[in-house]
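Please open the structure in your viewer and keep the sequence beside it. The tour below goes from one selection to the next and says what is found at each stop.

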Amino acid sequence: MVLKFETKWEIPYVHSAGEHGTKFFEALKDKKIMGVKCPECGRVLVPPRAFCERCFVDTTDWVEVSDEGEVVTVTVTYIKFTGLPDPPYATGIVKLDGADTGMLCLLGGIDLSDWKKVHETFKPGAKVKAVWKEEREGKITDILYFEPVEK
Amino acid sequence: MRRVAVVGVGQTKFRTRRDDKTHPELTYEAMNKALEHAGLDIKDIQAIAYGTMDPFDGIYLPERWDVTSGGIGKPFMKISTGGTTGMTTGLAAYEHVASGVFDIVMAVCTQRVGECVDAQPVLNTAVCPIYERYSGAGAISVAAIQATVHMHKYGTTEEDLAWVSVKDHKNALKNPNAHIKLDIGVEEVLNSPMVSSPLKLLECCPRSDGAVAVIFASEEVAKKIRDNPAWVIAETTISDDYYTGDRPDLSYWDTLAIAGRRLYRFAGVDDPKKDIDVAELYSPFTIQEVLELEALGFAKKGEGKDMAREGVTFVDGDMPTNPSGGVLCTNPIGATGLVRLAEASLQIMGEASNQIDNVEVSLAHAWGGTLQFHTLMLLSSKKKLKG
Ligand SMILES: [Zn+2]
């Protein structure tokens, strides 16, 4: 028998969104999703950032992308993990029309109890659109989730 | 660069909890096993490369505690790069010797994921705090979204993936250090609870406590230490985008493929399937072994799914993969990469607990950081592969 002692890390942080992120979050309040274009590779990057990681150059032009797009992939989690959403929840990547990168996001608006049905509805290439929060506050959670365009 | 070999390997038993020991006591156990294996004394170790990831153990700078195990007064370097931590620590120790700065250097990694009551919130803090964390993403869901795409593109089935789990669990039964010991078949895997679709509980790694140490020595020293050292033929490491959504194709691990080609070019490997006898890959989730086999050239795109089902990756197959039982059965995360290197070295020495016959060339791999980093090392019983 050995003794055990319980400890905890509970440390508050306040993270900067940066100037590019700030513009992105301000636009969310108007139901707009903003990206930036890389002058070298031409990719439209969402979320926006000050430089293109692939080309190591400043991004230049702001581009508004659609709040509709295609599912890249999805998974439904059925187990409760500390501090993570209550199951079931569907995490996926959606590539918005006009963007060259995908966004890690929540998918929803359908019954999540049968994962095979969820994977069928949100199969790669399926069209989805953002469901916006009524009272938006300039946070990523202003997009509640993406739901199928055709129900 | 000087020629370098692995001359000693030590592993603790990996378990859900190792309540019998404190953090540095586990480190001390692994180090002593490696020293004993090499026939060396702690005084012979000129420098130490140390790896761990602080939040899994809930200790900021655990190296402060662990350096007390043989490190006081010695040069000491800490490495932390997610799941690649262990392999990168091995690379650092290797490069310390290959550069000519030191002759004998130890890599040691200790991790107590078992002391972390739930590892997923830690893994969730590895994704972007501004844009991604709210989505609940962690290691399991990120592997699951790889599986979804591979299944859609190549018709990979739940059963194909279950065979990977059956193979690893069968191998772990032969490894006294392995954490999970279960004699299971495909049905048990398919019937285990769904965690993040399509990955089920028996397709996901455990949280393990334990430590591992690997000693590297320069050519002249290595020859005196043992007659069966594992010579380092080549090593490399590579990085990718931060945001998971930036990756163009989750069904193919393109950065690993680039790293693999780089490694094979350095080493003179023409056909990895013919030239490499055994691989220890970082596959905490079944789908990842499939992706790794494809990226590393052991299977064509979309065909990695067939390898476990057809027996190719079992110990008696043409491409034995994870004979130790792999990460699926033992995952002390920051130490896991160095376990791959230790097991790949033991296969060369002919001393692995689940030894493959006539191994001349072995491959060790780790990935880390939400699919972001890869580290590779190729080892051999010969000093060079060609000529
Ligand atoms: Zn660019």
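A residue is called buried when its relative accessible area is under 20%, exposed when it is over 50%, and partly exposed in between. At 46% relative accessibility, A:Thr60 therefore counts as partly exposed, and this residue can be your opening selection in what is a predicted model. A:Thr60 sits in the loop that joins strand 4 (57-58) to strand 5 (62-65) of chain A. If you leave aside residues up to four places away in sequence, A:Thr60 touches A:Lys37 and A:Pro39.

Next, select A:Pro48, which is in the loop between strand 2 (44-45) and strand 3 (51-52) of chain A. Is A:Pro48 buried or exposed? With a relative accessibility of 4%, A:Pro48 counts as buried, because the limit for that word is under 20%. Residues up to four places away in sequence again left out, A:Pro48 touches A:His20, A:Phe24, A:Met34, A:Gly35, A:Val36 and A:Trp62, and also B:Tyr131. A:Lys32, 16 residues away from A:Pro48 in sequence, is 13 Å from it in space, C-alpha to C-alpha.

Finally, move to chain B and select B:Glu159, which belongs to helix 7 (residues 158-172). B:Glu159 has a relative accessible area of 41% and is partly exposed.

Notes. Residues are numbered from 1 along each chain as its sequence is written. Chains are lettered from A and ligands numbered from 1 in the order in which they are written. This is a predicted model: local features need pLDDT of at least 70, side-chain atom pairs count only at pLDDT 80 or more; totals for chains, interfaces and linings use all residues. Side-chain values use heavy atoms; hydrogens and water are left out. Helices (H or I, at least four residues) and strands (E, at least two) are DSSP runs, numbered from the N terminus. Buried means under 20% relative accessible area, exposed over 50%, partly exposed in between (1.4 Å probe, protein chains only). Contact means heavy atoms within 4.5 Å.
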